[in-house]
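Okay, everyone, thanks for coming. Let me put the structure up, and then I'll walk you through it.

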Amino acid sequence: MKYQISQDEEDVKIIEGKTEIILHRIVALEDIVDEKGYLLVAKGTKGGYIEREDNLSQEGTCWIGMDAVVFGNAQVRDDAHVSGEAIVAGNAQIFEKGKIFGSAQVYGHAQVFGCAEISEDSKVYGDATIREFARVDSNAKVYECADISGQAHISGHAEVFGKAKVFENAEIFNAAKVYGNAKVYGHAGIMEYVEVYDNAEVYGAARIGKENYVVNGDTKLSVYDDELCR
């Protein structure tokens with residue numbers, strides 16, 4: 001075993017809906033080192049809170065930091081890390097080298113894996129998937145069945161939902177929304193309250209920042225147009 005429930009601290013009670021949940025702080029029983037021998041967590045270090053041992057695997061280098069919380073049927077495993085004041089709940093799965101930190105929340109049946117990162121005050125929930133090297137931060141929301149992958153970056157109060165896909169090096173930010181069956185990929189950028197939905201695709205070098213502009217239907221945009229960035 002690499003950790004156990006701390007015997008030195010009182011349990012913490014929280015209310016989730018109408019249910020009272022009792023959380024237990026963890027403490028490392030051994031040094032946790034990565035594949036290169038770098039010390040990640042020293043023996044005796046107090047970690048965050050879990051509801052049950054199933055929330056954090058005893059295998060791998062996965063860990064929950066001091067102020068982070070994992071409960072419900074959520075699981076953190078492999079080499080994943082949850083830290084800061086992050087919350088992972090419901091049936092969420094954080095694995096491989098996924099990282100959740102800041103005040104981020106991941107819940108529902110969401111999955112975060114690969115080297116994906118969720119941070120700041122962002123929320124990922126529903127059946128959303130964040131994978132590979134994707135990042136979600138700065139109060140962004142990804143939910144329903146949205147899929148974010150590659151090196152895509154969702155930030156600045158942006159929202160991606162429905163069955164939308166954002167991948168490769170695409171960026172969604174500044175309160176933009178991508179939803180329905182829309183796809184944004186390549187080096188495309190969507191910003192300034194722009195909405196992309198239905199079966200629309202924005203890709204290549206396209207950048208859309210014309211405030212409140214809408215891309216919908218079966219529209220496909222792939223070329224930079226200065227008019228759409230004003």
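When I say strand, I mean a DSSP run of E with at least two residues, helices being H or I runs of at least four, all numbered from the N terminus.

A quick word on what you're looking at. This is a predicted model, where local features need pLDDT of at least 70 and side-chain atom pairs count only at pLDDT 80 or more, while totals for chains, interfaces and linings use all residues. Residues are numbered from 1 along each chain as its sequence is written, and side-chain values use heavy atoms, with hydrogens and water left out.

Back to Glu120, then. Its phi is positive, about 55°, although it is not a glycine. It has 40% relative accessibility, so it counts as partly exposed (buried is under 20% relative accessible area, exposed is over 50%, partly exposed is in between, with a 1.4 Å probe and protein chains only). Glu192 also has a positive phi, near 50°, in a residue other than glycine. You'll find Glu192 in the loop between β28 (189-190) and β29 (195-196), and with a relative accessible area of 27% it is partly exposed.

Now the sheet. There is an open sheet of 9 strands with parallel pairing, in the order β7-β10-β13-β16-β19-β22-β25-β28-β31. Its edge strands are β7 and β31 (207-208), each pairing on one side only. Pairing here takes at least two DSSP bridges between the two strands. Take β16 (residues 117-118) and β19 (residues 135-136): they pair in the parallel sense over 2 bridges, and Ile118 stands opposite Val136 in β19.

Next, strand β3, residues 19-28. Of its 10 residues, 7 are buried, so the rest of the structure largely encloses it. On to the partners of β3. Strand β1 (residues 3-5) runs antiparallel to β3, with 3 bridges joining them, and Tyr3 stands opposite Ala28. Strand β2 (residues 12-16) pairs with β3 in the antiparallel sense over 5 bridges, with Val12 opposite Leu23. The hairpin of β2 and β3 has 2 residues between the strands, and Gly17 there takes a positive phi near 70°. Strand β6 (residues 46-50) is antiparallel to β3 too, over 3 bridges, with Lys46 as the bridge partner of Val27.

What about the inside? The largest nonpolar core has 58 residues, and those with the most contacts inside it include Ile100, Ile130, Val142 and Ile172. β3 and β7 (63-64) each supply at least two residues of this core. A second, separate core of 6 residues includes Ile21, Leu23, Tyr49 and Phe71. By core I mean a set of buried Ala, Val, Leu, Ile, Met, Phe, Trp, Tyr and Cys residues joined through side-chain atoms within 4.5 Å.

Last stop, the largest pocket, with a volume of about 280 Å³. A pocket is an open set of points on a 1 Å grid over the protein atoms alone, where a 1.4 Å probe fits, with protein on both sides within 12 Å along at least five of seven lines; lining residues have an atom within 4 Å of a point. Among the lining residues are Asp34, His81, Lys97, Phe101 and Glu117. The lining divides into 3 nonpolar, 3 polar and 6 charged residues, where Asp, Glu, Lys and Arg count as charged.

Methods
Grid points are joined across faces, edges and corners, and a volume is the space filled by probe spheres set on the points.
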